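Colleague: Please walk me through this one; I have a few quick things to ask once it is on the screen.

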Amino acid sequence: MNYYLGIDFGGTEIKIGIIDENGSIVTKDKYTTDTTKSGAEIVAHIADCAQELIGKSGIPKSAIKGAGIGSPGLLDPEKGLLKVVTNVPQLNGINFAEGIGRHLGFPAFLDNDVNAMTLGEFFFGAGKGFKHVIGLTLGTGVGGGIILDGKLYRGTSFTAGEIGHLSIDSNGLYCPCGNYGCLERYIGKDGIVTRFKAYQGKGIETGINDYLDNGEITPKAIAMAAANGDKLSVEVLTETGKILGIALASLTNVLNPEIFVIGGGIANAGDLILEPARHELIKRAYTIPAQAVKVVPAALKNDAGIVGSASIAVAKLVR
Ligand SMILES: [Zn+2]
């Protein structure tokens, strides 16, 4: 049996795990980055944590074929280089993959966290067995990863997949990316909460107060309320799904994918969002590609980060 190491680097929190060749997690743990340390020290620390985890697992190091590192921010996956890490700027310009790989003694590969999630679902999750897979993560932001003909599509400058910045309204809300009407402004965390608040007190009943997170309206609270039939919450999630469906329809017309795999916190609302998204997709996209494409929730859930990161190595070394 071959094994792969997954390093899910989240700026300050790092999750590390080992998966077997079937994508099952053998062992995992969580670590914290000391952001007062230099870039080189942080690289060494991550490698030490991984080394310790490997030691405790009892798996011979020779059976671990490689490591995949999933990271947010701008990066160069071919060189393994971090370019802009917002919260840990001392890592900017650091060759993360080479540094960690050198400490560990086996090859390491870097890619962004949404590509990692998409690869994880492609090899071991809801996208298994499909060739043309588009992964979306719905959270604070909206990210995308595109697999065409079984290969991750990165584009000329490795920035492909910015599905959150598809324009859905030419005169829409301003987006910090510089554009107007980006998808993310409507179905990212803030977009959902802002729409909910705008509709509150305008005639549709809501008992959202029973579900608040520390007194705050969050997509999670809205999803919980909706699951219990809260009318306004259902309305807002239905609208969220419809807006998602507008973007999926465009992607369907352009790329003719087999499956959309939707992950991230907000996707936990499941069919409350996905059903209106499917409906809108069918309504808007050309019939043939619309009938060919599935819209399904991500399967890997809490393990998506580790399995996805390890899948970066699987993609490089196995397929
Ligand atoms: Zn934007």
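**A side chain and a metal site**

Modeller: Leaving aside neighbours within four places in sequence, Arg195 is in contact (heavy atoms within 4.5 Å) with Tyr186, Val236, Glu239, Thr240 and Ile243. This is a predicted model, in which local features need pLDDT of at least 70 and side-chain atom pairs count only at pLDDT 80 or more, while totals for chains, interfaces and linings use all residues. Residues are numbered from 1 along each chain as its sequence is written, and side-chain values use heavy atoms, with hydrogens and water left out.

Colleague: Is Arg195 buried or exposed?

Modeller: Arg195 counts as buried, because its relative accessibility is 10% (buried is under 20% relative accessible area, exposed over 50%, partly exposed in between, with a 1.4 Å probe and protein chains only).

Colleague: And what joins the side chains of Arg195 and Thr240?

Modeller: A polar contact of 2.8 Å joins them, meaning a pair of N or O atoms within 3.5 Å, one able to donate a hydrogen and the other to accept it, where residues adjacent in sequence count only through side-chain atoms.

Colleague: Switching topic, which residues coordinate the zinc ion?

Modeller: His165 (ND1), Cys175 (SG), Cys177 (SG) and Cys182 (SG) do, at 2.0 to 2.3 Å, and in sequence these donor residues are spaced H-x9-C-x1-C-x4-C. Donors are N, O and S atoms within 2.8 Å of the metal (3.2 Å for Na, K and Ca), and sites may look incomplete since water is not among the atoms.

Colleague: Why is the arrangement tetrahedral?

Modeller: The four donor atoms subtend angles of 107 to 115° around the zinc ion, so the arrangement is tetrahedral (four donors, all angles between 85 and 135 degrees).

Colleague: How accessible are Cys175 and Cys177?

Modeller: Cys175 is buried at 2% relative accessibility, whereas Cys177 is partly exposed at 45%.

Note on methods. Tetrahedral: all angles 85-135°; square planar, octahedral: opposite > 155°, others 65-115°.
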